[in-house]
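Here are my notes for you on this one. Have the structure open while you read, and look up each residue as it comes along.

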Amino acid sequence: MKFEIKCATFLRLAKICEFFEPECPLNERASLTTVRLENYNGKSFAIVTNKRIAAIEYLGFAPLGDGVAHVILDPQVLTQCRAETFLDGTLIINTIPEIATAMASTSSGWNHSGNACYWWDETPLDKWRLWCPDEPIKKHEGIMFWGLFAVQSLLESSPSGEVYFPKYINCSKPVVLRDKHNDNWVGLFIPEPFESTQRESAELPEWWNI
């Protein structure tokens, strides 16, 4: 099966996998350090997460049936994609599931020498469609708390770097972001368990009133 993604898009999304919080178990980090490419029902998607933030991008029409590819973030592949970003290059993944083999190439003719994909029986990425809130958020609840790296990484994974936040935020539910200029991208802040969420709100300090 064939999967295609622009080199610039692949690099932008792969950045989310560069950092995991200490609380994330090592075995989970291993299964999340990938860009998942998925062809389903005639559409192609790219999915990434580090468990606290996630990005899903619609890549366009996929004419060749349903399937998934979990691309290894091989330094050679990343370096080649970086070189071809300025040429509007495309990363091409051809998989042969029957023998658990995948080949990576680019639109310039470059070919990767190794197996380009992981071949897991199951992964948390299988359930990406369940990551969003199960129903629209209709009122504010709780206080959001996020570190700089998570916010920066999620915004940098968006096509334009400019995003819309939802009208209402429930800090115990995933927070959905949308790119201001590109309808194909969805970002998610994934909350910690409710008992560990921040409960203090940001208010002006006493020294402000002078």
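1. Before anything else: what you are looking at is a predicted model. Keep that in mind through the rest of the points.

2. Start with β1, residues 2-6. Which of its residues sit on the covered face, and which on the uncovered one? F3 and I5 make up the covered face, while K2, E4 and K6 make up the uncovered one.

3. Now look at who β1 pairs with. Its partner is β6, residues 90-96, and the two strands run antiparallel. How many bridges join them? There are five. To see one for yourself, find F3 and go across to I93, its bridge partner in β6.

4. Next comes helix α1, residues 7-14. Why do we say that α1 is largely enclosed by the rest of the structure? Because seven of its eight residues are buried, where buried means under 20% relative accessible area. The buried ones are C7, T9, F10, L11, R12, L13 and A14. Notice that R12 is on that list, and R belongs to the charged class.

5. Over to a loop: H112 lies between β7 (101-106) and β8 (117-118). Is H112 buried or exposed? With a relative accessibility of 10%, H112 counts as buried, because the cut-off for that word is under 20%. Its side chain reaches the backbone oxygen of G114 at 3.3 Å. If you skip the neighbours within four places in sequence, H112 is in contact with D74, Q76, V77 and A104.

6. On to the pockets. The largest pocket has a volume of about 380 Å³. Its lining is made of 16 residues, and those nearest the centre are E28, K51, R52, I190 and P191. What classes do the lining residues fall into? Eight are nonpolar, two are polar and six are charged.

7. The second largest pocket holds about 330 Å³ of space. It is lined by 19 residues, with E4, I5, S44, L59 and F61 nearest its centre. Which elements give two or more residues to this lining? They are β1 and β4 (53-61). By class, the lining has eight nonpolar, seven polar and four charged residues.

8. E4 is on the uncovered face of β1 and I5 on the covered one, and both are among the residues nearest the centre of the second largest pocket.

How values were computed: Residues are numbered from 1 along each chain as its sequence is written. This is a predicted model: local features need pLDDT of at least 70, side-chain atom pairs count only at pLDDT 80 or more; totals for chains, interfaces and linings use all residues. Side-chain values use heavy atoms; hydrogens and water are left out. On a 1 Å grid over the protein atoms alone, a cavity is a set of points where a 1.4 Å probe fits but cannot get out, and a pocket is an open set with protein on both sides within 12 Å along at least five of seven lines; lining residues have an atom within 4 Å of a point. Grid points are joined across faces, edges and corners, and a volume is the space filled by probe spheres set on the points. Helices (H or I, at least four residues) and strands (E, at least two) are DSSP runs, numbered from the N terminus. Buried means under 20% relative accessible area, exposed over 50%, partly exposed in between (1.4 Å probe, protein chains only). Two strands pair if DSSP finds at least two bridges between them. A polar contact is a pair of N or O atoms within 3.5 Å; within protein, one must be able to donate a hydrogen and the other to accept it, and residues adjacent in sequence count only if both atoms are side-chain atoms. Contact means heavy atoms within 4.5 Å.
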